[in-house]
Amino acid sequence: MSGIFKKNDIRGVYPDQLNEEIVEKIGYLFSTYLKPQSAIAIAVDSRLSSNEIRDALVIGLNKGGIIDRKSTRLNSSHTDISRMPSSA
């Protein structure tokens, strides 16, 4: 993971520096900093790896209890906005 963390973002060459396993871990670790019911916006671009990277991030966030997988659309749209469901 060395070298992928920049001042304002995370960047790396797929799949050598940044891959699904790493992104899932990042998603999980990020979830530990978020408050319950945090709104998450996940945007992708047109690169072939974008959907796989987004899906891995959602899985990591889900493992941390931030995104309810049932309400998350894992598809090819360019922007998905997912919210943790409000407690009833």
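## Basis of the model

The structure is a predicted model, in which local features need pLDDT of at least 70 and side-chain atom pairs count only at pLDDT 80 or more, while totals for chains, interfaces and linings use all residues. Residues are numbered from 1 along each chain as its sequence is written, and side-chain values use heavy atoms, with hydrogens and water left out.

## Overall fold

The secondary structure of the protein chain consists of two helices and two strands, where helices (H or I, at least four residues) and strands (E, at least two) are DSSP runs numbered from the N terminus. Along the sequence these elements follow the pattern α-β-α-β.

Of the 88 residues in the protein chain, 28% are buried; buried here means under 20% relative accessible area, exposed means over 50%, and partly exposed lies in between, with a 1.4 Å probe and protein chains only. The chain exposes about 6200 Å², and carbon and sulfur atoms supply 54% of that area, as computed by the Shrake-Rupley method with a 1.4 Å probe, only the protein chains shown counting as cover for residues. Among contacts (heavy atoms within 4.5 Å) with a separation of 6 or more, 57% come from residues 24 or more positions apart.

## Helix 1 and the segment before it

In the segment before helix 1 lies Pro 15, and the peptide bond that leads from Tyr 14 to Pro 15 is cis, with omega near 0°. The end C-alpha atoms of helix 1 are 16 Å apart, which agrees with the 16 Å that its 12 residues should span at 1.5 Å a residue, the expected span being 1.5 Å times one less than the number of residues.

The buried residues of helix 1 are Ile 22, Val 23, Ile 26, Gly 27 and Ser 31, and the buried residues of this helix pack against helix 2. Ile 26 counts as buried because its relative accessible area is 15%, and its C-alpha is 7.2 Å from that of Leu 57, although Ile 26 and Leu 57 are 31 residues apart in sequence. Leu 29 also belongs to helix 1, but Leu 29 counts as partly exposed because its relative accessibility is 49%.

Helix 2 has 14 residues and reaches 20 Å from its first C-alpha to its last, close to the 20 Å expected at 1.5 Å a residue. Its buried residues are Ser 50, Ile 53, Arg 54, Ala 56, Val 58, Gly 60 and Leu 61. Ser 50 counts as buried because its relative accessibility is 10%, and, when residues up to four places away in sequence are not counted, Ser 50 touches Val 44 and Asp 45.

Helix 2 is followed by Gly 65, whose phi is positive, near 80°. Gly 65 is found in the loop between helix 2 and strand 2 (79–83), and this glycine counts as partly exposed because its relative accessible area is 35%. The C-alpha atoms of Gly 65 and Tyr 28 are separated by 8.7 Å, the two residues being 37 apart along the chain.

## Nonpolar cores

The largest nonpolar core is made of seven residues, namely Ile 4, Leu 18, Ile 22, Val 23, Ile 26, Ile 53 and Ala 56; such a core is a set of buried Ala, Val, Leu, Ile, Met, Phe, Trp, Tyr and Cys residues joined through side-chain atoms within 4.5 Å. Helix 1 (20–31) and helix 2 (50–63) each supply at least two residues of this core, and the largest share, three residues, comes from helix 1. Apart from this core lies another, of six residues, among them Ile 40, Val 58, Leu 61 and Ile 66.

Leu 18, a member of the largest core, touches Ile 4, Ile 10, Arg 11, Gly 12, Val 13, Val 23, Ile 26 and Ile 53, not counting residues up to four places away in sequence.

## The largest pocket

The largest pocket has a volume of about 830 Å³. Of the 22 residues that line this pocket, the closest to its centre are Ile 10, Leu 18, Ala 43, Ile 53 and Leu 57. Helix 1, strand 1 (39–43) and helix 2 each supply at least two lining residues, and helix 2 gives the most, with five residues.

A pocket is defined on a 1 Å grid over the protein atoms alone, as an open set of points where a 1.4 Å probe fits, with protein on both sides within 12 Å along at least five of seven lines, and lining residues have an atom within 4 Å of a point. Grid points are joined across faces, edges and corners, and the volume is the space filled by probe spheres set on the points.
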